[in-house]
Amino acid sequence: MTEQSSAPQGGIDGSNEPGFRIQRIYLKDLSLEQPNAPQILMVPSEPQIQVEVDIAVMPLREGIFEVALSSTITAKVDTKVLFLIEAKQAGIFEFSNIPVEQIDPMLGIACPTILYPYLRSNIADMISRAGFQPIHLNEINFHGMYEHRMMQAQQAAAEESKGTLTN
């Protein structure tokens, strides 16, 4: 006699098919500073805007990762900060039956692409609530960003191996 288990096997839906699922998307951190207000608000000048974006991945358990997309927006008038916004939009993503070599590109390209519209919206809303015209961040090519990071990692590894060979 053969026993059959009713416990799910394999992927997200119990099959052995590859699976990708968004478990949750959330705003992890959001801060606004206006260190030179109110004096700087009286200066009739267009601010210079600097935008930085970064991606962090943290494994939570087997096949489940948190991806956090963080951004810092600095607006300056002359050399003084008009406002500074730091935001971190995150998501929990689940992978099942996906080859290991395909997970890293998904974490570096697909997941940030999903998170970015939420980050853009939260930043534009915060800037508007601070009394300024909203700044809508430009689209980002996360595939190009991922390829650039991979190329930098390969170059760093090559430099490191040259250093150990000459010692």
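F65 is buried at 15% relative accessibility, where buried means under 20% relative accessible area, exposed over 50% and partly exposed in between, with a 1.4 Å probe and protein chains only. This is a predicted model, in which local features need pLDDT of at least 70, side-chain atom pairs count only at pLDDT 80 or more, and totals for chains, interfaces and linings use all residues. Residues are numbered from 1 along each chain as its sequence is written, and side-chain values use heavy atoms, with hydrogens and water left out.

**Aromatic pairs**

- Five aromatic pairs are counted; rings of Phe, Tyr and Trp (its six-membered ring) pair if their centres lie within 6.5 Å, and planes under 30 degrees apart count as stacked, over 60 as edge-to-face and the rest as tilted.
- F20 and F93 form a stacked pair, with 5.9 Å centre to centre and 10 degrees between the planes.
- F20 lies in strand β1 (residues 19-33) and F93 in strand β4, so this pair ties together parts that are 73 residues apart in sequence; strands (E, at least two residues) and helices (H or I, at least four) are DSSP runs, numbered from the N terminus.
- F20 is partly exposed at 31% relative accessibility, whereas F93 is buried at 0%.
- F65 and F95 form an edge-to-face pair, with 5.7 Å centre to centre and 75 degrees between the planes.
- Because F65 lies in strand β3 and F95 in strand β4, the pair ties together parts that are 30 residues apart in sequence.
- Ring pairs link F20, F65, F93 and F95 into a cluster.

**The nonpolar core**

- The largest nonpolar core has 30 residues, and F83 and F95 have the most contacts inside it; such a core is a set of buried Ala, Val, Leu, Ile, Met, Phe, Trp, Tyr and Cys residues joined through side-chain atoms within 4.5 Å.
- Two or more residues of this core come from each of β3 (64-77), β4, α1 (100-129) and α2 (142-166).
- The largest share, nine residues, comes from α1.
- F95 is buried, with a relative accessible area of 6%.
- Leaving aside neighbours within four places in sequence, F95 is in contact (heavy atoms within 4.5 Å) with residues including F20, F65, I103 and M106.

**The surroundings of I85**

- I85 is placed in strand β4 (residues 80-96) and is buried, with a relative accessible area of 0%.
- Not counting residues up to four places away in sequence, I85 touches several residues, among them L30, L32, I73, I123 and M126.
- The C-alpha atoms of I85 and Q34 are separated by 9.0 Å, while the two residues are 51 residues apart along the chain.
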